[in-house]
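Hi,

Here is the model I said I would pass on. Have a look at it first, and then read my notes below.

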Amino acid sequence: MTPRKEKTVIKDTVVQEAEEILSLHSGEASLLYSKFKALLHDYEKLLHKLDKVITISDKYQVQLMEKTDQLNSALAQLNQLKKIILPICMFCKKIRTDADYWQQIESYFAEHIEVMFSHGICPECMKEKYGELLANHKD
Amino acid sequence: MAPLDMQPTGSSPKVCFDPLTGILELSGDSYPENSFEFYSPVLSWLKDHLQETETLQVHFNIAYMNSSSIKCVLDMLDLMEEAEAAGKKILINWYYDRENPRALDLAEEFAEDVGVPFHIIPVEG
């Protein structure tokens with residue numbers, strides 16, 4: 001978790017002036033004084049809420065921008081793959097990345113689109129490679 | 001108790017109250033064209049409901065909010081805080097996507113000034 005930063009609280013001149021007026025009349029029991037004090041309290045609460053909305057909204061904007069960057073980068077990779085015709089060896093399935101270099105298909109995809117391969121054996125290859133062994137085992 | 005059942009759209013969240021469980025749920029994204037209009041019935045319902053009930057659980061599961069939705073949700077939290085101060089039992093569960101690195105920070109931002117039990121719960125995205 002990232003450490004929380006010190007916050008800058010909006011303290012505007014209206015609050016400062018109002019506090020000065022209140023301090024001049026402190027202790028007064030007039031209706032005007034108490035109404036003024038209540039209004040100032042509400043105003044400060046509203047300012048705090050505004051500050052909160054801006055802070056949270058900014059964080060959502062950062063989150064959105066980060067997601068947009070991730071999407072753009074994924075889209076760029078996808079477009080790059082869509083535009084190319086991959087030269088592939090018709091026997092071993094290696095991919096030619098330049099004139100003299102042939103790369104294993106697994107490492108090519110891992111490098112370019114972060115696709116990882118998990119190896120298994122399909123039924124046809126199982127028969128071709130181990131058919132005799134399996135037949136002997138059955139007997 | 002008055003029912004509350006607002007179905008989600010592409011830009012507004014699902015808002016519904018289940019009278020059997022006593023849970024008010026808000027889930028989905030929240031960026032309606034006019035958030036104040038959207039949340040006005042929710043705030044009215046909440047105000048009335050908090051007068052009638054002694055306990056309320058609220059589950060938030062909102063991935064994104066625009067500025068005016070944030071203001072409305074903060075207004076909802078204020079109402080819950082007032083009810084808690086008046087002796088009602090309020091509980092907030094705030095669900096966030098554990099794979100989103102910003103989501104916990106956002107949840108803590110909402111929880112910061114709220115004087116109501118506020119649980120921040122990670123869920124799989």
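I'll start with the helix pair inside chain A: helix 1 of chain A and helix 2 of chain A cross in a left-handed way. A crossing is called left-handed if the near helix is turned anticlockwise from the far one by less than a right angle, and right-handed if clockwise. Before going further, note that this is a predicted model, where local features need pLDDT of at least 70, side-chain atom pairs count only at pLDDT 80 or more, and totals for chains, interfaces and linings use all residues. Residues are numbered from 1 along each chain as its sequence is written, while chains are lettered from A and ligands numbered from 1 in the order in which they are written.

Back to that pair. The axes of helix 1 (residues 13–24) and helix 2 of chain A come within 11 Å and cross at roughly 155°, so the two are roughly antiparallel to each other. Axes here are lines fitted to C-alpha atoms, for helices over the stretch in contact, with angles running from 0 to 180 degrees between N-to-C directions. Angles under 35 degrees count as roughly parallel, over 145 as roughly antiparallel, 65 to 115 as roughly perpendicular and the rest as oblique. Helices (H or I, at least four residues) and strands (E, at least two) are DSSP runs, numbered from the N terminus.

From helix 1 of chain A, A:Val15, A:Ala18 and A:Leu22 meet A:Phe36, A:Lys37, A:Leu40, A:Tyr43 and A:Glu44 of helix 2 of chain A; contact means C-beta atoms, placed from the backbone, within 7 Å. By class, this contact has six nonpolar, no polar and two charged residues. Ala, Val, Leu, Ile, Met, Phe, Trp, Tyr, Cys and Pro count as nonpolar, Asp, Glu, Lys and Arg as charged, and the others, Gly among them, as polar.

Chain A also has a hairpin, formed by strand 1 and strand 2 with two residues between them. Strand 1 (residues 95–98) and strand 2 (residues 101–103) of chain A are antiparallel, with three bridges, and A:Asp98 has A:Tyr101 as its bridge partner. Strands pair if DSSP finds at least two bridges between them.

Now the interface. Chain B gives 11 residues to the contact and chain A gives 12. On the chain B side, helix 2 and helix 3 (103–111) are the elements that give two or more residues.

Helix 2 (residues 31–83) of chain A meets both. With helix 2 (residues 67–85) of chain B, the axes come within 9 Å and cross at roughly 130°, so these helices are oblique to each other. Their crossing is right-handed. The residues in contact include A:Val53 and A:Ile56 from chain A, and B:Ile70 and B:Leu74 from chain B.

With helix 3 of chain B, the axes of helix 2 of chain A come within 10 Å at roughly 170°, which makes the two roughly antiparallel. Here A:Thr55, A:Ile56, A:Lys59 and A:Tyr60 meet B:Asp105, B:Leu106 and B:Glu109.

Last, chain B has an open sheet of six strands in the order 1-2-3-4-5-6, with mixed pairing. Strand 1 (4–6) and strand 6 (118–123) of chain B are at the edges, each with a single partner strand, so one side of each has no neighbour in the sheet. Helix 3 of chain B lies across strand 5 (89–97) and strand 6 of chain B, at about 160° to strand 5.

Cheers

Note on methods:
Two residues are in contact if their C-beta atoms, placed from the backbone, lie within 7 Å.
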